[in-house]
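User: I have a structure open and want to talk it through. Can you take my questions as they come?

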Amino acid sequence: MIDERLRDAYQEHLQSPTDRAACASPEALRALVERVGPEGDRLRTLDHVMSCTACRKEFDLLMAVAATRPEGRRWLPILAAAAVFVAVGAGVWVAVQPRDSGDQMRGAADSVGLIAPDAGATMDSAAALVWHAVPEANRYTVEILDQEGRAAWTADTRDTSITVPVAVISPGEYRWWVRGVLRDGTQAASTLRPFRLRQRP
Amino acid sequence: MGSPGDTLSPALDAVVSRYAGMVRAVGHRYRLADDDLEELMQDVRIRLWRSRGSGEKIRQSPSSYVYRTAMSAALDLIRRRRARREDRVDVDRPSGEATFGTAPPADVALSRAELAATVGRAVDSLIDSRRPVVRMYLTGYTREEIARLLGWSEAKTRNLLYRGLEDVRRCLRGWNIDAETQP
């Protein structure tokens, strides 16, 4: 089979690099296996990985881990993209509505709209997280993730706001997100929003 | 806090074993070496022990938390190896174990090396949209794995792959190389 011969020849052609300076970063490999970020970037990473035996071994390790990703999380990028799409659509809809209608934009039915703090905000002593209510939501789980994606703090609430005990979290860069658990057992998720926790005096 | 060998151990063992089983189940598909898996699981064990505190918390760790812990551990493993410039060489047989009569004649080996280099050049010449797909396929992944990784439909993947492979064959024919008849 010609495909087999091509495969044999191509695999013989692959080499391990002596200098890994040009290799894809571990973060780029993660973005590739978790399908996060622009497709063009991921294709460039893939192009390198499939011509570099050292990167391919690392890619295979991450692929094995990524295959265990819970279904809900696996769909998160798609949900996040859908949330952005819906939010933009809702924004356009709100923009064209008469100003005296008194309507407020609500979180879309299949997502949780974050209100405050704004993306990239810096917080210190008082850190309140606020989001839109999701119809049919029984409770919400709030997670603060560190740069490595580890949960630095998690809490459940029935409210649509929560105060973070900043004293238990080290200063640094974080992202937060909210999951709403609906009455029928399904979940609605927000996008991840970055914030910075400042060194306390 | 005690050591992983104290009362936390049964909870840790249960969570880590269950997770290791999941990774092992798919690991062979991705040529995951046993010692990579062991090193990864040891790191996951330590991270869960440090972050979850109690056996009950460990037992109740959501799968998304364990997944994020494992992904983070895998990235750190990669960073550590890069920092140590460790690049293990996989060999088919232990060093010093000689095998006689299996090496191809020198002219055949040279032809194979030339064919490999030529196929490499042909793949390098592909357009950007087809090249990564063809590389992945020739590296040994299936069409379904490519589609899943990139989030593409089966039809889109097949289209780009077959067009790319045809480009490679056309290129080789233009250089008077026939991969069917090469040694």
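Analyst: What follows goes through the chains, the contact between them and a few residues.

User: What kind of model is this?

Analyst: This is a predicted model.

User: Start with chain B. How many helices and strands?

Analyst: Chain B has eight helices and zero strands. Read from the N terminus, its elements run α-α-α-α-α-α-α-α.

User: And what share of chain B is buried?

Analyst: Of the 183 residues in chain B, 44% are buried. The accessible surface of chain B is about 9900 Å², with 52% of that belonging to carbon and sulfur atoms.

User: Now chain A. How many helices and strands there?

Analyst: Chain A has six helices and nine strands. In chain A, 42% of the 201 residues count as buried.

User: Surface and contacts for chain A too, please.

Analyst: The accessible surface of chain A is about 10300 Å², and carbon and sulfur atoms hold 54% of it. For contacts in chain A with a separation of 6 or more, residues 24 or more positions apart account for 58%.

User: On to the interface. How many residues does each chain put into the contact?

Analyst: Chain A contributes 56 residues and chain B contributes 59 residues. The area buried between the two chains is about 5400 Å², and carbon and sulfur atoms give 59% of that.

User: What about polar pairs across the interface?

Analyst: There are 18 residue pairs in polar contact across the interface of chain A and chain B, counting pairs with both residues at pLDDT 80 or more.

User: Which elements of chain A supply that side?

Analyst: Helices α1 (2–13), α2 (26–33), α3 (39–49) and α4 (53–66), along with strand β4 (137–145), each supply at least two residues of the side of chain A that touches chain B. The most comes from α4(A), with 13 residues.

User: How does that side split by class?

Analyst: The side of chain A that touches chain B has 28 nonpolar, seven polar and 21 charged residues.

User: How many salt bridges are there between the chains?

Analyst: The count between chain A and chain B is six salt bridges. Over all chains, the count comes to 30 salt bridges.

User: Give me one that involves Arg135(B).

Analyst: Arg135(B) forms a salt bridge with Asp47(A), and the closest N and O atoms are 2.7 Å apart. Arg135(B) sits in helix α6 (residues 131–139) of chain B and Asp47(A) in helix α3 of chain A, so this pair joins two chains.

User: Are those two buried or exposed?

Analyst: Both Arg135(B) and Asp47(A) are buried.

User: What else does Asp47(A) bridge to?

Analyst: Asp47(A) also forms a salt bridge with Arg131(B), where the closest N and O atoms are 2.9 Å apart.

User: And Glu58(A), what is its partner?

Analyst: Glu58(A) forms a salt bridge with Arg82(B), with the closest N and O atoms 2.5 Å apart. This pair crosses between chains too, from helix α4 of chain A, where Glu58(A) lies, to helix α4 (residues 63–83) of chain B, where Arg82(B) lies.

User: Why does Glu58(A) count as buried?

Analyst: Glu58(A) counts as buried because its relative accessible area is 9%, and the cut-off for buried is under 20%.

User: Now one within chain B. What does Arg173(B) pair with?

Analyst: The side chains of Arg173(B) and Glu166(B) meet in a salt bridge at 3.1 Å, N to O. Arg173(B) is partly exposed, with a relative accessible area of 48%. Glu166(B) also counts as partly exposed, at 28% relative accessibility.

User: Which residues form a salt-bridge network through shared partners?

Analyst: One network joins Glu27(A), Asp36(B), Glu39(B), Asp43(B), Arg47(B), Asp76(B), Arg79(B), Arg80(B) and Arg81(B).

User: Change of topic: where is Thr141(A)?

Analyst: Thr141(A) is in strand β4 of chain A. Thr141(A) is buried, with a relative accessible area of 8%.

User: What does its side chain do?

Analyst: The side chains of Thr141(A) and Asp156(A) are joined by a polar contact of 2.6 Å.

User: And which residues does Thr141(A) touch?

Analyst: Leaving out residues up to four places away in sequence, Thr141(A) touches Thr154(A), Ala155(A), Asp156(A), Trp177(A), Val178(A) and Arg179(A).

Key. Residues numbered from 1 in each chain as written. Chains lettered and ligands numbered in written order. Predicted model: local features only at pLDDT ≥ 70, side-chain atom pairs only at ≥ 80, totals over all residues. Heavy atoms only, no water. Helix = DSSP H or I, 4+ residues; strand = E, 2+ residues; numbered from the N terminus. Buried < 20%, exposed > 50% of the residue type's maximum accessible area, 1.4 Å probe, protein only. Areas by Shrake-Rupley, 256 points an atom, 1.4 Å probe, with all protein chains shown as cover. Contact = heavy atoms within 4.5 Å. Buried area = accessible area lost by both parts, 1.4 Å probe. Salt bridge = Lys/Arg side-chain N within 4 Å of Asp/Glu carboxyl O. Polar contact = N/O pair within 3.5 Å; in protein donor to acceptor, adjacent residues only side chain to side chain. Nonpolar A, V, L, I, M, F, W, Y, C, P; charged D, E, K, R; others polar.
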